[in-house]
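Subject: Structure handover

Hi,

Here is the structure for you to open. My notes follow below it.

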Amino acid sequence: ELKLISMASDGWAAETATRWTPHAMEWMAEILATVPPRESCEEGERILGQRVEQLWHDAGLTGVLGESFQCSPSAFLGVVPVCVLLFLLGLFLMRHSRIWSALVSWVCLVTFTMEVVRYKEFADAFFPVKTGINIVGRIPPAIGPPLQRILVTAHLDSAYEFNIFWHLKGFSVFALGCAIGAMVLLAVAGLLGVVGFESPRRKLGFICKLLTPAVLPFLLFHTYHVVPGAMDNLSGVAMMNTLAMEAGLRRSAGNGTALLQHTEVMLVAMSSEEAGLRGAKRFVQKHMEELLQTPTAVIVLESTGDYAAMHVVESELFTGAVHSRGLTKLALESARAAGVSPFTSMPLGFGGTDAAAFSLAGIPATSIQAINHATLAPPANYHTRLDTLANVDPRAVKGILTVLLEMLVRADTQGAQLWLGPTAPQGKGEL
């Protein structure tokens with residue numbers, strides 16, 4: 001007899017993760033061999049979404065459907081070369097027009113900051129509109145209407161290869177810092193020129209010229225070749241699917257599909273994460289009332305490949321999201337209880353995760369992942385052609401899956417107070 005998760009004995013999470021990890025690895029290998037590159041809002045992403053939707057249907061999940069939305073996915077990184085050209089134009093205009101130099105340099109800085117750093121849809125009106133599809137499925141609780149809900153999500157798409165990361169490798173973050181610094185200094189120089197401070201304006205302009213070689217490579221910041229995306233983020237989708245398959249296993253054994261006693265498990269395969277979290281933003285906009293009506297916690301399954309770097313994300317520098325302290329604590333306690341080590345908590349210093357769209361809207365969320373973001377150099381397989389299955393350690397998949405399952409056990413047993421207690425201040429509205 002297959003017991004409900006919340007009725008399981010100690011060690012259930014690790015045992016179940018051990019059982020499903022080989023299947024997750026095999027499924028990733030099959031997808032990489034048969035599905036085209038998964039560019040945001042394009043054919044490969046849609047085909048993977050259809051595969052996931054069919055799997056969830058076959059497992060007996062309820063309410064399985066695709067939710068389409070519109071966005072401008074190419075705007076997120078498409079503004080980078082535009083901002084480089086604006087920087088060069090602003091630098092050129094320093095000799096000819098203080099007003100125009102200041103105006104162009106500030107347009108450059110604000111556009112880059114809003115669109116690329118803060119993940120705002122600031123320049124989307126200038127880019128083509130496309131359609132993405134989020135896949136949604138539900139596993140109802142065994143007993144009555146749900147007292148709470150755990151939303152587990154992972155994104156379907158994979159990233160463009162970042163030329164900067166591939167060619168500059170360990171110097172890429174330094175180059176990025178220099179480029180952003182140059183944009184800031186040029187904007188300040190423009191402002192000083194307008195108000196008449198000529199000497200500091202000239203000095204800052206000279207520094208900007210010195211930094212120009214660091215800015216120029218960003219004209220070709222990324223290719224339009226999509227990486228395999230095994231770690232980022234087929235690993236997350238594969239782990240999410242194990243919940244559906246476990247429900248299907250219970251259904252075939254005549255026990256219904258329920259995993260938990262009092263908690264609904266909602267699965268969402270998200271579109272367009274690599275396009276500035278646009279799929280998650282649209283999902284939050286559509287489901288906000290539902291997410292608030294029943295106490296909901298969101299667990300994002302992200303880039304899982306490095307066994308030595310398993311962690312829960314506390315906050316995100318770029319998006320400004322501060323994630324649920326209750327969920328961070330739950331993840332750490334779950335890892336400790338299930339014997340998953342090493343497993344730590346840390347802030348995310350570069351980029352963003354779909355958890356930000358929820359946290360900034362006031363929905364408790366966090367992300368669990370296994371990627372080394374603690375060093376200045378990005379991992380060799382992060383947004384490069386090396387993001388293959390060879391760089392996904394099965395031990396990392398088993399570890400993160402174990403933490404997820406243990407979090408579900410504890411959430412169902414202890415209730416929503418785990419994440420509805422004291423939490424870090426959240427943003428208002430949306431990302």
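In which loop is Ser-272 found? The loop runs between strand 6 (263-270) and helix 9 (278-293). Bear in mind that this is a predicted model.

**Backbone**

Most residues other than glycine have a negative phi, and most peptide bonds are trans. Some places here depart from that.

Ser-272 has a positive phi, near 65°, and is not a glycine. Its relative accessibility is 0%, so Ser-272 counts as buried.

Tyr-119 is not a glycine either, yet its phi is positive, about 65°. Look for Tyr-119 in the loop between helix 4 (98-117) and strand 2 (130-139). Tyr-119 has a relative accessible area of 6%; with the cut-off for buried at under 20%, it is therefore buried.

Then the cis peptide bonds. One joins Ser-341 and Pro-342, with omega about 0°. Pro-342 sits in the loop between helix 10 (325-338) and strand 9 (343-348). Another runs from Asp-232 to Asn-233, with omega near 15°. Asn-233 belongs to helix 8 (residues 230-252).

**Helix 3 against helix 7**

Helix 3 (residues 75-93) packs on helix 7 (residues 198-215). The angle is about 150° and the axes are 11 Å apart. Angles over 145 degrees count as roughly antiparallel, so that is what helix 3 and helix 7 are. The crossing is left-handed.

Which residues make the contact? Helix 3 brings Val-84, Phe-87, Leu-88 and Leu-91. Helix 7 brings Gly-205, Cys-208, Lys-209, Thr-212 and Val-215. By class, this contact has 6 nonpolar, 2 polar and 1 charged residues.

**Aromatic rings**

The count of aromatic pairs comes to 9. Phe-162 and Phe-165 are one of them, and this pair is tilted. Their ring centres are 5.2 Å apart, with 55° between the planes. Phe-162 is buried, at 5% relative accessible area. Phe-165 is buried too, at 6% relative accessibility.

Phe-218 and Phe-221 also pair. Their ring centres lie 5.6 Å apart and their planes are at 15°. Planes under 30 degrees apart count as stacked, so this pair is stacked. Phe-218 and Phe-221 are both buried.

Where do these rings end up? Ring pairs link Phe-162, Phe-165, Phe-218 and Phe-221 into a cluster with Phe-318, Phe-350 and Tyr-382.

Over to you.

Best wishes

Note on methods
Residues are numbered from 1 along each chain as its sequence is written. This is a predicted model: local features need pLDDT of at least 70, side-chain atom pairs count only at pLDDT 80 or more; totals for chains, interfaces and linings use all residues. Side-chain values use heavy atoms; hydrogens and water are left out. Axes are lines fitted to C-alpha atoms, for helices over the stretch in contact, and angles run from 0 to 180 degrees between N-to-C directions. Helices (H or I, at least four residues) and strands (E, at least two) are DSSP runs, numbered from the N terminus. Angles under 35 degrees count as roughly parallel, over 145 as roughly antiparallel, 65 to 115 as roughly perpendicular and the rest as oblique. A crossing is left-handed if the near helix is turned anticlockwise from the far one by less than a right angle, and right-handed if clockwise. Contact means heavy atoms within 4.5 Å. Ala, Val, Leu, Ile, Met, Phe, Trp, Tyr, Cys and Pro count as nonpolar, Asp, Glu, Lys and Arg as charged, and the others, Gly among them, as polar. Rings of Phe, Tyr and Trp (its six-membered ring) pair if their centres lie within 6.5 Å; planes under 30 degrees apart count as stacked, over 60 as edge-to-face and the rest as tilted. Buried means under 20% relative accessible area, exposed over 50%, partly exposed in between (1.4 Å probe, protein chains only).
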